[in-house]
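Morning, everyone. Let me put the model up on the screen, and then I'll walk you through the parts I'd like to talk about.

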Amino acid sequence: MGLRGEAAILGYCELPPQRKLTREPSFNLEQWARLSKAALDDAGLSATDVNGVVTPMIGEADMFVPSTVTEYLGIDANFAEIVDLGGAGSAAGIWRAAAAVELGLCDAVLVTFPGTHHFPMDDRKPFVMDDKMHFGASSNAFGSPQAEFEIPYGNLGQNGPYGQIAKRYGYEFGYDERAMAKIAVDQRTNACATPEAVFHGQPITVADVLNSPMIADPLHMLEIVMPCQGGAAVVVGNADLARKSKNRPVWITGFGERVPYKTPTYARDLMTSPMVHAAEQAFSMAGITRSEVDMVSIYDCYSITVLMSLEDAGFAPKGKGMDFVSNHDLTFRGDFPMNTAGGQLSFGQAGVAGGMHHVIDGARQIMGRANAAQVADCNRAFVSGNGGIMSEQTALILQGD
């Protein structure tokens with residue numbers, strides 16, 4: 001059961017993130033079209049090759065989202081999927097696209113996640129439906145458990161709950177704040193070799209991290225992602241199109257997914273995330289071991305997310321992740337390359353497109369297109385996705401020829 005490795009990432013587009021946020025919502029459909037066209041151009045393919053789409057929610061539609069996209073782009077889709085898994089959505093969209101290709105439903109699928117980036121559009125302003133941003137009904141409304149039992153008591157947002165996880169980790173296993181800071185430092189080194197990164201040319205030290213403001217004890221400001229504008233798209237195609245593509249195909253050979261709850265309040269064990277299942281399924285499907293991976297691209301909204309994911313994906317024993325981080329060089333030139341373009345902590349988190357950064361990070365390395373940050377002889381990558389608060393988890397194994 002599972003993928004046979006017959007679908008590949010053939011091209012991608014990742015916009016350079018921008019720190020300045022605009023006050024108006026972007027025209028998501030226009031972003032969808034332009035990102036998709038850029039990804040197809042990168043692959044050397046045309047729109048006529050595409051007969052499948054995967055999309056997140058968009059501002060222009062509260063329902064019928066895939067058909068809104070296909071209508072706008074003029075695509076006759078045999079497969080049209082909406083993925084609503086937050087930061088896990090991009091990796092989830094990739095394996096769904098691969099499954100559609102392997103089933104013969106599609107020749108090529110566009111997996112496109114607009115962020116909040118404004119493309120140059122002459123003198124026109126971005127599309128605005130009215131004076132409000134439209135993201136559908138809030139998942140915290142209408143008597144949901146979170147609205148009723150958590151938010152009234154101050155358990156809301158992201159910083160507090162991730163700080164809670166980090167605090168509990170320290171209670172269970174001990175907490176080395178310098179090791180945690182090193183995650184951010186090594187990723188910033190990678191960003192400094194990636195000109196498109198938000199923090200390119202701005203190296204940091206462990207002292208810088210520890211001296212940055214405490215946001216949610218024990219997490220400092222430089223251990224927490226900074227939202228920005230951006231957007232990303234990936235083309236997933238079959239073997240016939242892979243022979244036409246101008247890039248080295250990146251085959252999708254394994255995936256895993258686990259979505260057991262929304263908030264960690266309902267986790268059976270706060271120290272064991274759904275990544276345990278997702279990663280094991282991905283490695284088992286791909287038929288490789290952890291030691292055979294040449295680089296990892298770990299979802300990194302917070303430093304604690306990285307630590308937990310490394311442990312739960314099986315790269316470090318539970319409770320020993322800080323020792324692992326301290327004893328390995330996580331930069332692109334090190335013995336355990338991780339988030340080689342800087343990750344979301346230093347490349348930037350462009351909304352729901354942030355998870356696609358990790359997919360593209362792995363694909364870029366396998367294609368040999370990372371330039372100064374290229375990992376030598378990179379043929380296999382592990383990619384993780386994380387939605388909610390360590391709740392929605394996906395994993396991918398990507399491999400070259």
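Predicted model: local features only at pLDDT ≥ 70, side-chain atom pairs only at ≥ 80, totals over all residues.

Before I point at anything, a word on terms: I call a residue buried when its relative accessible area is under 20%, exposed when over 50%, and partly exposed in between, with a 1.4 Å probe and protein chains only. Helices (H or I, at least four residues) and strands (E, at least two) are DSSP runs, numbered from the N terminus.

Residues are numbered from 1 along each chain as its sequence is written, and side-chain values use heavy atoms, with hydrogens and water left out.

OK, helix 10. Ten of its ten residues are buried, so helix 10 is largely enclosed by the rest of the structure. That list takes in Ser303 and Thr305, and also Glu311 and Asp312. So what covers the buried residues of helix 10? The cover includes helix 5 (159-173), helix 6 (177-191), strand 6 (219-220), helix 9, helix 11 and strand 10 (380-387). Contact here means heavy atoms within 4.5 Å. Just after helix 10, glycine 314 takes a positive phi of about 95°.

Next, the aromatics. I pair rings of Phe, Tyr and Trp (its six-membered ring) if their centres lie within 6.5 Å; planes under 30 degrees apart are stacked, over 60 edge-to-face, and the rest tilted. The structure holds eight such pairs. In one of them, phenylalanine 315 and phenylalanine 336 have ring centres 5.6 Å apart and planes at 70°, so that pair is edge-to-face. Phenylalanine 315 sits in the loop between helix 10 (303-312) and helix 11 (321-327), and phenylalanine 336 in the loop between helix 11 and helix 12 (343-346), so the pair ties together parts 21 residues apart in sequence.

Phenylalanine 336 also pairs edge-to-face with phenylalanine 324, at 4.9 Å centre to centre and 90° between the planes. Phenylalanine 324 lies in helix 11, so this pair links parts twelve residues apart in sequence. Together with Phe283 and Phe382, they form one aromatic cluster.

Last stop, the annotation. UniProt, in an unreviewed entry, lists residues 263-399 as "domain: Thiolase C-terminal"; its positions are given in the numbering used here, feature names are shortened, and annotations may be inferred rather than shown by experiment. Over residues 263-399 the chain is 34% helix and 14% strand, with the end C-alpha atoms 33 Å apart. Alanine 267 is in the loop between strand 8 (250-258) and helix 9 (275-286), and is buried at 17%. Alanine 267 and methionine 390 are 123 residues apart in sequence, yet 9.5 Å apart in space, C-alpha to C-alpha.
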